Amino acid sequence: MSDDHLRKGLRVAPGERPRLDRIDPGDTLGLADREEAAAVVAACGERLEALQALLASEDRRSLLLVLQGMDASGKDGVVRALCGALNPMILHTASFGVPTKPELRHDFLWRITRELPERGRMAVFNRSHYEDVLVVRVDGLVPEDEWRARYGQITRFEERLAETGTAVVKVMLHISRDEQLGRLRERAQDPLKRWKFSADDLRKRDQWDAYMAAYEDAIERTGTDDAPWYVVPADRKWARNALVLEIVAHVLERMRLPEPPVPEGLPPGFLEDPAGG
Ligand code: AMP
Ligand code: MG
């Protein structure tokens, strides 16, 4: 089965403004049920196993996956799904919360730069430099001319990453306001989920439309061929995970990672089967 159809409907063309109110967060892009999604996850797992080995053995380029989305949209869940599919030795994860004092003493990309993937590795960002044009804009944390200038700064930053060997892909997990309410309520109720609950999430929920406008602007202004945006419907966790894994496998395939050569300096006969077939 080709998984192309899964990805096609998700990618936002460079410069296109996504209409988030017209993208159904409950969409599964044709995945019928959990079973079919599980099959996609398994197939992606196999592809990713080979791809990460090629990425590591090439030891030259890297991949950065940026995850953005409203609270409870599933960023943590996607990170867990990726951890299940990738060797932890090649996967680096980083979360970006409210900037610390030292972070605020630097420009907004400083803390981002420090978490970029090494050669041969992949990094997943749970939130990112995009918070600096999302929450910062909605809450008015810096003057408008400052956050507006960041779209260009981000685009140039990501362009440089692409040029120097780091493929960049950005995913917005698109959850509905109703589904979010259910998940936040569950977080408040369930003692095992309570650590994730923040009363501030309810305040952000009230700013929903402002956030959607900020997301639409960010996606429109920073989507490029080298660092594209994908909007992934996120109301169904099983579809969401399958779709993101499919995107990551696709991006790694597009890097056309070469098969590594046979190692040099092997003793004579080393590669021959000792059982003597
Ligand atoms: P969580 O991801 O639930 O742990 O929450 C992290 C919080 O940090 C979110 O409410 C973000 O909006 C906030 N945050 C992340 N980056 C920034 C930033 N640059 N400025 C202000 N708040 C931020
Ligand atoms: Mg939170």
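**Ligand and cysteines**

Modeller: Happy to, and I will begin with a backbone contact: a nitrogen atom of ligand 1 has a backbone N or O atom of G97 at 3.2 Å from it. Please keep in mind throughout that this is a predicted model.

Colleague: Which nitrogen or oxygen distances are there to the side chains of R111 and E131?

Modeller: An N or O atom in the side chain of R111 lies 3.1 Å from a nitrogen atom of ligand 1, while in the side chain of E131 an N or O atom is 3.2 Å from an oxygen atom of the ligand. Taken alone, ligand 1 exposes 500 Å², and the protein buries 75% of that.

Colleague: Where does ligand 1 sit?

Modeller: Ligand 1 sits in the largest pocket.

Colleague: And which residues are around ligand 1?

Modeller: Among them are F96, G97, V98 and P99, along with R111, R127, E131, D132 and K204. Sorted by class, the shell around ligand 1 consists of 6 nonpolar, 1 polar and 5 charged residues.

Colleague: Changing topic, how many disulfides does the count come to?

Modeller: The count comes to 0 disulfides. For C44, the nearest cysteine sulfur is that of C83, and it is 16 Å away.

Colleague: Why does that leave C44 in no disulfide?

Modeller: A disulfide needs two cysteine sulfur atoms within 2.5 Å, and the sulfur of C83 is 16 Å away, so C44 is in no disulfide. C83 is in no disulfide either, with the sulfur of C44 as its nearest cysteine sulfur.

Colleague: Is C44 buried or exposed?

Modeller: C44 counts as buried, because its relative accessibility is 0%.

Colleague: And what about C83, what is its relative accessible area?

Modeller: The relative accessible area of C83 is 39%, so C83 is partly exposed.

Notes. Residues numbered from 1 in each chain as written. Chains lettered and ligands numbered in written order. Predicted model: local features only at pLDDT ≥ 70, side-chain atom pairs only at ≥ 80, totals over all residues. Heavy atoms only, no water. Buried < 20%, exposed > 50% of the residue type's maximum accessible area, 1.4 Å probe, protein only. Near = heavy atom within 4 Å. Polar contact = N/O pair within 3.5 Å; in protein donor to acceptor, adjacent residues only side chain to side chain. Areas by Shrake-Rupley, 256 points an atom, 1.4 Å probe, with all protein chains shown as cover. 1 Å grid on protein atoms, 1.4 Å probe; cavity = no way out; pocket = protein on both sides within 12 Å on 5 of 7 lines; lining within 4 Å. Sits in = over half its atoms within 2 Å of the grid points. Nonpolar A, V, L, I, M, F, W, Y, C, P; charged D, E, K, R; others polar.
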